[in-house]
Structure formats: structure tokens, C-alpha cells
Amino acid sequence: YRNVLVVDDNLATYPRAPIHIGFVAMGLIVRPTVGSDVPAVEALCKELYKADPGVSALLETGLLCVTAVESETDAVVGFLCLHDDPVERSTSRASTSTASWVKDVPTATSSPTSTSFVRLCAVVPQHELEASVALLRGSLAVAPSIRRFLLASAQDLMLSDPGLACVFTRIASTGQGLLYEAKREAVLPALTIRSACIEDHDDMLPV
């Protein structure tokens, strides 16, 4: 994984990101969503959920929107929208976005300045596992201040989103929904950099 600088002709359509900081992983590029991504993202959501998510509105109201594209074809394979207020993960503009019940969960309201809520996450089935994690990691590259993600959902992630379930852990369950958490360390494990030594040879030989 590595951070890269992605140059895009449509930078002007994304006023919050004058410079595109992207993330490359497993043949995918994750970068802030731009206006030219909207048709493809909406088509993806309609195919997955048979609903219109209102991507243009999410670009205006969301804390951060990122798109995953194939590095070779530039085809959109995933989209993630984060919000800084407690919201329930939804798939259409008609869904109830405010998750007031989340505020009653003590751990959900701690560290509000470093917590982001998943508003919408959509990935093509062929890239479900790698794209879901790559979108979260790309968000951390764009917004390093994020220390954890929260996801409020009416469905069990293990059944609805195996890709997200790989990094999210259920921390609360109420009659209104389930609350999941993914700490930064679970999404992007910290690495220690040190001087190379002779003992590294056997580990590096396969690489």
C-alpha cells in the first residue's frame, strides 16, 4: 500500500480537495470523489440496491466521499461516504439518515472530532472484500485525523457486507439497530520501520 498523488481533470468539481491524495492497493485506486464519478456511482447503487442514493447531495453534505476505481481501466468499483454526525447507513435518499438512537450508546459519542460514521458504502460484488477495506484505508490517507469509523445498521454486517465485517466489530445492539466500530489500527495496522538486518533475509527472499 502507498499514498499517491492523483491528478484529475475534474479537480474543480471537488472544492474541498484542491489536491487529490489517493491510495493504491490491490489494483485499485481510492481517491476523493469528483463530479465525473457521480453517474457511475449512482448506477452502481441502483444495481445493488434498486434505489437512488442521491450521490450529488452526499458530496455536498458528507464529511468525505471517496471512490475506488480499477487502476488499469479507471472503472468505478466502489464508493464510500462518511459523515461527522450520527447517521444510519442507508442505500437511498429516501432512507432515514439520522440515527438518534446512536446517541444513547456511550461509546458512540466519545471522541467526536476523530470519529466518522459510514453513511453509504457500495462496492461491486467482484471486488467486495478488497474494495471495502481499500475505501476505508483511502479515507484515512485523505483524512489522517480519523481515528475510528462507526457504522449504524439495521442488518448484521456478516450477512449484508462481508467486506466491511472483516474490520468492523459490533459494539452495541438495540431494538432500533446495530452499532459497529472499526478502529484505525484495525483498518490500517501500524508498522514499525527499522534498519534492515541479516535475519530479514529469509523473510524477504520470497518477496
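Start with a search for disulfides (pairs of cysteine sulfur atoms within 2.5 Å): the structure holds zero.

**Before you click further**

This is a predicted model: local features need pLDDT of at least 70, side-chain atom pairs count only at pLDDT 80 or more, and totals for chains, interfaces and linings use all residues. Residues are numbered from 1 along each chain as its sequence is written, and side-chain values use heavy atoms, with hydrogens and water left out.

**Stop 1: the cysteines**

Select Cys81 and Cys65. Why is there no bond? The Cys81 sulfur is 3.6 Å from its closest cysteine sulfur, in Cys65, which is too far. Cys81 is buried, because its relative accessibility is 0%. Buried means under 20% relative accessible area, exposed over 50%, and partly exposed in between (1.4 Å probe, protein chains only).

Now pick Cys121. Cys121 is in no disulfide either; its nearest cysteine sulfur belongs to Cys45, 9.4 Å away. Cys121 is buried too, at 3% relative accessible area.

**Stop 2: colour by confidence**

Colour by pLDDT, the predictor's confidence in each residue, from 0 to 100. The protein's mean is 81, and 83% of its residues reach 70 or more. Next, show the seven helices and nine strands. These are DSSP runs numbered from the N terminus: helices are H or I, at least four residues, and strands are E, at least two.

**Stop 3: His83**

Select His83, in strand β5. Is His83 buried or exposed? It is buried, with a relative accessible area of 15%. Its side chain makes a polar contact of 3.4 Å with that of Asp84. A polar contact is a pair of N or O atoms within 3.5 Å; within protein, one must be able to donate a hydrogen and the other to accept it, and residues adjacent in sequence count only if both atoms are side-chain atoms. The backbone nitrogen of Asp85 lies 3.1 Å from a polar atom of the His83 side chain.

**Stop 4: the core**

Select Phe79, Leu80, Leu135, Leu136, Phe149 and Phe168. Of the 46 residues in the largest nonpolar core, these touch the most other members. A nonpolar core is a set of buried Ala, Val, Leu, Ile, Met, Phe, Trp, Tyr and Cys residues joined through side-chain atoms within 4.5 Å. Apart from it lies another core of ten residues, including Val87 and Leu179.
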